[in-house]
Every structure is written in C-alpha cells, then in structure tokens.
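Subject: Structure handover, ligand site and voids

Hi,

Here is the structure I promised to pass on.

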Amino acid sequence: MREDAQDIQKVVEELRALVERQREEIARLERMLEVSREINSNLDLRELLIDIQRIATVLTVTEASSIMLLDKKTGELYFETATGEASDELTRITVPIEGSIAGEVIKTGQPVIVADVRKDPRHYEQVDDITKFSTKSILAVPLVVKDKIIGVLEVLNKLEEGGFTEEDVEVLTTMADHAAVAIENARLFQQSDLISEVVHELRAPVTSIVGYAQMLKMPDIPGETKQQFAEVIRREAARLGNMINDFLDWARLESGRVHLTREPVDLRAVAEEAILIMRPQADQRCITMELHAPDGVPEIIGDAKRLKQVLLNLLSNAVKYNRDGGRVDVEISVQPEALQLAVRDSGQGIPAEDLPNIFQRFYRVAGTEDQVKGTGLGLCVAKQIVEKHGGEITVSSELGVGTTFYVTLPSGDGHL
Ligand code: ADP
C-alpha cells in the first residue's frame, strides 16, 4: 500500500514536470512567434539587424550578439553590426573564412559552440581588440535562406552558469531562420528603394533631352531657337554626366569597397588645385575666391585625390549657392593633432531646420531645385570621404549672410 502511494506520488510528480515543460515549451513558442512577427515587419536593414541581435541576446541570455554577412560579390565575410561598446567600429571588418569560427559555420552549415575562446585558436581576436569587448564564449549558427548560407549569427558570453545548452542552439537556430529571411527581404527592399530613387533623379534630364531633341526636328523653327534648344540639350546632357559620376562615386563609397590610399598629403597644395579648377565658374559670376593658409602647414596622411574631391564638392556648392559678386574663402588652420579646413561663402545660407539633413543622400533644401541643378549627393560623398579619414565635417550657416563648412582631419599618425 505504501509502495502504491509512493508510485502514485512519483507519477504525479512526473506529470507535473511534464506539464511544466509543456508550459515552458508553449511560452518559448509564443516568444518565437512574437520574435518572428517583430523581425518580419522591419524592412530597414540596419534597424532590423539591431533588432535581431537584441532579441538573440535576450533569448539566449548572453551579453552581446553580432551578425556577419557574406558579400555576394567578393565572397568575403564581414561584420554587419555588433552590440556592445564601440560596436560602430565593427562596420565592414572582414573575418577570414579559413580558420575562424564564423568561417567554419559558413563552410559546414552547422552550429558551433565554443565554451572558452581562450582555448580555441579559431577565435578572431582582432575584432575584440577593436571593439574592446572581451569574448569568453560563443554560440554561432548559420543564417540560411533557401538552402543558401548568407551569413552567421553569433551570441557571445553566456550569462548563466553551465554555458550554452542544446536548447540555446535550438532557439538560436530557429530564430536565425526567421532572421535570414527578414534580412533578405530588407536587402531586396533597400535595393529596389535605392534604384527607384536613382532612376527618379536621372529621369528629369533625360525627359528634357528627349523633349528638346523632338522639338528640334519640327519644321519651320527659326535658327536662333534651334540654337537655344541645342544648348539646353548640351547642358542637360552635361548634367546627366555629372549626375552619373556623382552616383558612381557615391555607390562605390557606400559599398564600402573603396580603399583610401595612405600617402603624405599637402592640404594647402590640394586646396590650391581645387580652387584653380573652380576659378572659371567663380569668375563667370564675379565671385572672389581666396585661400588663407599659414606657412608650413604640416602634411597629413590620407588620400589626396579624394580629399581634393571633398574640396571640389564644397567649393562648387559655395559658388553655386552664392550671389553674383560674392566671396568664397578657404581657410586652413593648424590645430593640435588636426588640420581644419573652412570653406566660407557669402551665399543665401541654409535654413536651420534643413541643416541636420543636408549630408543625407539626395537631400536638397526645398526650392533649391528651381534655381540650381544638383543631385543632393555632393555633401554625402564629402562626408563619407572625410569620415573614412577619421575626420569630421560640420556646417554653420546664417540665412542671407552665408555658410561655412568645417572639415577637421587628424594629423597624428595611425588614424587610417
Ligand atoms: P547638390 O548641391 O547637388 O544639391 P549637395 O549634397 O552638395 O547636393 O548639397 C545638398 C543641399 O544642401 C543642396 O541642394 C543645397 O540645398 C544645400 N547646400 C549645400 N551647400 C550649400 C551652400 N554652400 N550654401 C547654401 N546651401 C547649400
């Protein structure tokens, strides 16, 4: 009798444990469902990746998470983003596929657990050096879409005793499946969004060229009018050419595949060259252009060609958005550990509410389009180049008085 009672007690306990497990399982499934809903609704790639990492760390009770994606063209594996301190630094760091943990996940398509990275030669320490994050343990799973591995999702440093469990592997794998599809969707969306933006911008000059060419063919047009039409076609075609160059520059920089050359650069000489190029345009509108620089400006390490492009973009804006008979002053000043370049104009100025946006791609101050042609890419390109040099670009402007762009470039060594 006593034995029976004990048996019943045991069965009840087992049943209770089973119910408890079922309840946990249901809660887990509900969480996964919630996660998949949350991820699938985000089409902004950067935000999505941040969401995925946040959720991955919560679900696996870990300290941080990172996502590496395979570059379709180069086949390189690169860090898209990482949570944790200094994670901005991680953008576009490539990880070798041979001999790294993530590389192994890519090659085998299987999850990898590393309980102690110090004992594992496959850990790619360079990343920790840059992010100042101290990786102790890793769980890495593949991101798979339609049987194709597109990258790796990693969670770092299990916060609970006992390290990563089979359940963590299962949870992260299920989550990675949702995440991979969402990443592909966001990428496609981003691409189509971008292409439609670019096409939209190119359409205006093409429409005008086709229209005027059509009109040129009409009979009985006076010679003088024909000349005017031909001039519009030439101008619009030149503009189209500029736009295409701007787009290409920008697309190359945006893709992250541009490598700056590292050479000693005489910023004063670069400024002189850029001014020389812009001089005819300034002269046409009687705009005075002057360079002010102290003697012995120290050289900086950088990419002279691209820095010249920054100056050309700023100078061409300073002329374009100036008044006839106005001024453009370029000033170089030497600061501790940095050189500052100021491009000051006496133009119409930029409204305060537009200032935070002018470095964004395709952004143009309302009404600009009617007066001055442009692509809204010049400042975006300039900013990318300056930032790739470890520098900073800022602007201050007063309506009706003028605008000054400041470019600060580090002059100490080891910043590129
Ligand atoms: P774009 O000149 O091709 O339009 P940019 O990226 O160079 O593109 O500039 C973005 C916008 O910022 C311009 O359309 C213009 O409205 C404004 N802007 C840039 N530079 C100046 C300036 N020096 N003075 C006034 N407005 C400017």
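By class, the shell around the ligand splits into 8 nonpolar, 8 polar and 3 charged residues. Here Ala, Val, Leu, Ile, Met, Phe, Trp, Tyr, Cys and Pro count as nonpolar, Asp, Glu, Lys and Arg as charged, and the others, Gly among them, as polar.

Before you go further: this is a predicted model, where local features need pLDDT of at least 70 and side-chain atom pairs count only at pLDDT 80 or more, while totals for chains, interfaces and linings use all residues. Residues are numbered from 1 along each chain as its sequence is written, and side-chain values use heavy atoms, with hydrogens and water left out.

**The ligand**

There are 19 residues around the ligand, and N317, Y321, D345, R364 and T375 come nearest (near means a heavy atom within 4 Å of the molecule). α8, α10 (378-388) and β13 each supply at least two residues of that shell; helices (H or I, at least four residues) and strands (E, at least two) are DSSP runs, numbered from the N terminus.

For polar contacts (N or O pairs within 3.5 Å; within protein, one must be able to donate a hydrogen and the other to accept it, and residues adjacent in sequence count only if both atoms are side-chain atoms), I'd start with these:

- N317: a polar side-chain atom lies 2.8 Å from an oxygen atom of the ligand.
- K320: a polar side-chain atom sits 3.0 Å from a ligand oxygen atom.
- L379: here a backbone N or O atom is 2.9 Å from an oxygen atom of the ligand.

The protein covers 98% of the 530 Å² of accessible area that the ligand has on its own (Shrake-Rupley, 1.4 Å probe; for residues, only the protein chains shown count as cover).

**The pocket**

The ligand takes up the second largest pocket, meaning more than half of its atoms lie within 2 Å of the grid points. On a 1 Å grid over the protein atoms alone, a pocket is an open set with protein on both sides within 12 Å along at least five of seven lines, a cavity is a set of points where a 1.4 Å probe fits but cannot get out, and lining residues have an atom within 4 Å of a point.

This pocket has a volume of about 1,400 Å³ (the space filled by probe spheres set on the points, which are joined across faces, edges and corners). Of its 47 lining residues, S316, N317, K320, K373 and G374 lie nearest the centre. α6 gives the most to the lining, with 10 residues.

**The cavity**

The second largest cavity has a volume of about 40 Å³, and its lining is 7 nonpolar residues, with no polar and no charged ones. α8 gives the most here, with 3 residues.

Cheers
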